[in-house]
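Here are a few exercises to work through with the model open. Try each one yourself before reading the solution.

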Amino acid sequence: AMAAPAPIATPEEQRLVSFSGHDDPAVRAALASARTERFAPGAVILREGDAADAYYLLQAGSALVSQGTPAVLVAELGVGEGFGEL
């Protein structure tokens, strides 16, 4: 019997990445170009209207999403969720 092929993404990568409609090589290429960044608690990572030049996946902690002035909380993102694509 032939052995099953090894998964392209590790379980952690599969948990953190949800590129529906893309094949595994596309996921692997995206992960290969990823880098880790750390932000201090309360840091503003991006603001509405900023250029969409990065996509962030949370590996730890959480991120609050607010909108408007004064800022109104619209979401709290956790591990495995992402933002910055729009």
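**Exercise 1.** How many aromatic pairs does the count come to? Work out the geometry of each.

*Solution.* First, the ground rules: this is a predicted model, where local features need pLDDT of at least 70, side-chain atom pairs count only at pLDDT 80 or more, and totals for chains, interfaces and linings use all residues. Numbering starts from 1 along each chain as its sequence is written, and side-chain values use heavy atoms, with hydrogens and water left out.

Step 1: set the rule. Rings of Phe, Tyr and Trp (its six-membered ring) pair if their centres lie within 6.5 Å; planes under 30 degrees apart count as stacked, over 60 as edge-to-face and the rest as tilted.

Step 2: count. The rule gives 2 aromatic pairs.

Step 3: take F39 and Y56. Their ring centres are 6.0 Å apart and the planes sit at 70 degrees, so this pair is edge-to-face. F39 is in the loop between α2 (24-32) and β1 (56-57), while Y56 is in strand β1, so the pair ties together parts 17 residues apart in sequence. (Helices, H or I, at least four residues, and strands, E, at least two, are DSSP runs numbered from the N terminus.)

Step 4: take Y56 and F83. This pair is stacked, at 5.2 Å centre to centre with 20 degrees between the planes. Y56 in strand β1 and F83 in strand β4 (residues 82-83) are 27 residues apart, so to speak a link between distant parts of the chain.

Step 5: Ring pairs link F39, Y56 and F83 into a cluster.

**Exercise 2.** In what order do the elements of the protein chain run?

*Solution.* Step 1: tally 2 helices and 4 strands. Step 2: read from the N terminus, which gives α-α-β-β-β-β.

**Exercise 3.** Where does A43 lie?

*Solution.* Step 1: A43 is in the loop between α2 and β1. Step 2: with a relative accessible area of 38%, A43 is partly exposed. Step 3: the C-alpha atoms of A43 and A63 are separated by 9.5 Å, and these residues are 20 apart along the chain.

Notes: Buried < 20%, exposed > 50% of the residue type's maximum accessible area, 1.4 Å probe, protein only.
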